[in-house]
Amino acid sequence: MRIILLGAPGAGKGTVAKLLMEMDGSVQISTGDILRAAVKEGTDLGKEAKGYMDRGDLVPDNLIMKMMEVRLQQPDCQKGFILDGFPRTVPQAEALGLLLNNIRIKLDFVVNLEVPREVILDRLTTRRTCANPDCQEIYNVKSNPPAADGTCKKCGTKVIQRADETVEAINNRLETYTQKTAPLIGFYEKQGLLRSFASINSADTVAAIGRALNA
Ligand code: ADP
């Protein structure tokens, strides 16, 4: 499959992407994960991106596009890809359109995950993430807690609250989403590529996306 996942922070893009990946071996490409790994490794990209990320602001479009031009042409993308957290702005979507044209790749469609705002706020403030950049398993203190000693059940690393998951950073991320990313819904609707899914339960949503892909 070749799809884009759109949705507010906390809409469940990461969880849905992982389940879709299991369906047919397409790769999940999460710009957030790539950026966090770059910060951890201290690369030039990571150094430039860190301040924006900790505040919950978007990383500048030119940095993101340089990174994604490389990523989308890596061999594992041949099998298909699920874009999670990219594009996030209209200029990114326009640049992605040109890039996909150049490398002769056609998207199946763009998935818009619709989740009520109260559900999103609750999820974001209770979310915890494994600090190991190679794992990044996501937990929830209410519905899916880490091991009793606060470590990851998969890899044993400490499970933490991300710097961008404080209440202030969360409000900023939601505001940024409304201003910069929500316009992509209209952008892709005009291109006839948008499919919206009311999404509370990720497994149900993934099944519905699977049916739409096979239709
Ligand atoms: P979220 O849960 O907010 O969707 P992500 O893991 O997708 O979190 O992204 C974390 C941060 O990385 C964002 O707040 C932003 O600073 C940066 N980021 C990720 N993807 C992009 C993008 N496509 N454009 C600009 N910034 C991005």
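**Exercise 1.** Does cysteine 152 count as buried or exposed, and at what relative accessibility?

*Solution.* The model is predicted: local features need pLDDT of at least 70, side-chain atom pairs count only at pLDDT 80 or more, and totals for chains, interfaces and linings use all residues. Residues are numbered from 1 along each chain as its sequence is written, and side-chain values use heavy atoms, with hydrogens and water left out.

Step 1. Buried means under 20% relative accessible area, exposed over 50%, and partly exposed in between (1.4 Å probe, protein chains only).
Step 2. Cysteine 152 has 4% relative accessibility, so this residue counts as buried.

**Exercise 2.** Describe the surroundings of aspartate 164.

*Solution.* Step 1. Aspartate 164 is located in the loop between β7 (159-160) and α7; helices (H or I, at least four residues) and strands (E, at least two) are DSSP runs, numbered from the N terminus.
Step 1. Its relative accessibility is 12%, so aspartate 164 counts as buried.
Step 2. Leaving aside residues up to four places away in sequence, aspartate 164 touches Met53, Asp54, Ala169, Ile170 and Arg173, where contact means heavy atoms within 4.5 Å.
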